[in-house]
Amino acid sequence: MDIDEADLLKHAVAATVKARQVAQTRKDWEFMGYVGAALVTDRGNLYTGINVSVYCGIGFCAEHSAVAEMIKQGETKIRKIVAATAQGAVLPPCGRCRELLYQVDEANLDTVVMMGNGATQTLKELLPHNWQKQFDKPLAR
Ligand SMILES: [Zn+2]
């Protein structure tokens, strides 16, 4: 699949639609499904996800569920990714998601991340220092 950034953004926003419909029936689900993520892999496949957000900080970002969908299909290499609110505002990935994308596959350092206002950066630019390469002591067992 050849998908441009505008289409990828549309898929991220579309991922939120059903979740937001359900969320509006629940007082405690203010931010459930409020963010959607869409990614395209090196094989050209598209995967989407939504955030899960409930009280006590339990839940995960939209990027996490998109990555889970990708891994379910046996893929790990992401060519491009975007996360956006239900209204279409592009959100750069949080630090946890940046680390997740990297740990899923080191090749994802070359992933193009949509940052908003038409800007993109590679994951390598967003994660300039790699803690794993500094961590040379084995864990005590
Ligand atoms: Zn995140």
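User: Before we start, what should I know about the numbering and the model?

Analyst: Residues are counted from 1 along each chain, as its sequence is written. The model is predicted, so local features need pLDDT of at least 70 and side-chain atom pairs count only at pLDDT 80 or more, while totals for chains, interfaces and linings use all residues.

User: What makes A66 buried or exposed?

Analyst: Buried means 20 or more other C-beta atoms within 10 Å of the residue's own, exposed means 12 or fewer, and partly exposed is in between, with C-beta atoms placed from the backbone. A66 has 28 C-beta neighbours inside 10 Å, so A66 counts as buried. A66 sits in helix α3, where A62, E63, S65, V67 and M70 are buried too.

User: Which residues does A66 touch?

Analyst: Leaving out residues up to four places away in sequence, A66 touches A37, A38, L39, Y47, T48 and G49. "Touches" here means C-beta atoms, placed from the backbone, lying within 7 Å. Taken together, the buried residues of α3 pack against β1, β2, β4, β5 and α4. Those names come from DSSP runs, numbered from the N terminus: helices are H or I with at least four residues, strands are E with at least two.

User: Why are α3 and α4 called roughly parallel?

Analyst: Their axes come within 9 Å and cross at roughly 15°. That makes α3 roughly parallel to α4, because angles under 35 degrees count as roughly parallel, over 145 as roughly antiparallel, 65 to 115 as roughly perpendicular and the rest as oblique. The axes are lines fitted to C-alpha atoms, over the stretch in contact for helices, with angles running from 0 to 180 degrees between N-to-C directions.

User: Which residues make that contact?

Analyst: E63, H64 and V67 come from α3, and C97, L100 and V104 from α4. The residues of this contact divide into four nonpolar, one polar and one charged. For those classes, Ala, Val, Leu, Ile, Met, Phe, Trp, Tyr, Cys and Pro are nonpolar, Asp, Glu, Lys and Arg are charged, and the others, Gly among them, are polar.

User: How do you know where N108 stands, buried or exposed?

Analyst: Count again: N108 has 25 C-beta neighbours inside 10 Å, so N108 is buried. N108 lies in the loop between α4 and β7. Setting aside neighbours within four places in sequence, N108 is in contact with K77, I78, L101, Y102 and L123.

User: And what makes C56 worth a look?

Analyst: C56 has a positive phi of about 70° although it is not a glycine. Most residues other than glycine have a negative phi. C56 is in the loop between β3 and β4, and with 5 other C-beta atoms within 10 Å, C56 is exposed.

User: What is the phi of N117?

Analyst: Phi of N117 is near 55°, a positive value in a residue other than glycine. N117 is in the loop between β7 and β8, and N117 counts as exposed, because it has 6 C-beta neighbours inside 10 Å.

User: What is the largest nonpolar core?

Analyst: A nonpolar core is a set of buried Ala, Val, Leu, Ile, Met, Phe, Trp, Tyr and Cys residues joined through C-beta atoms within 7 Å. The largest one has 33 residues, and A12, A37, L39, V82 and A84 have the most contacts inside it. V82 touches L8, L9, A12, A37, A38, V90 and M114, not counting residues up to four places away in sequence.

Definitions and conventions:
Two residues are in contact if their C-beta atoms, placed from the backbone, lie within 7 Å.
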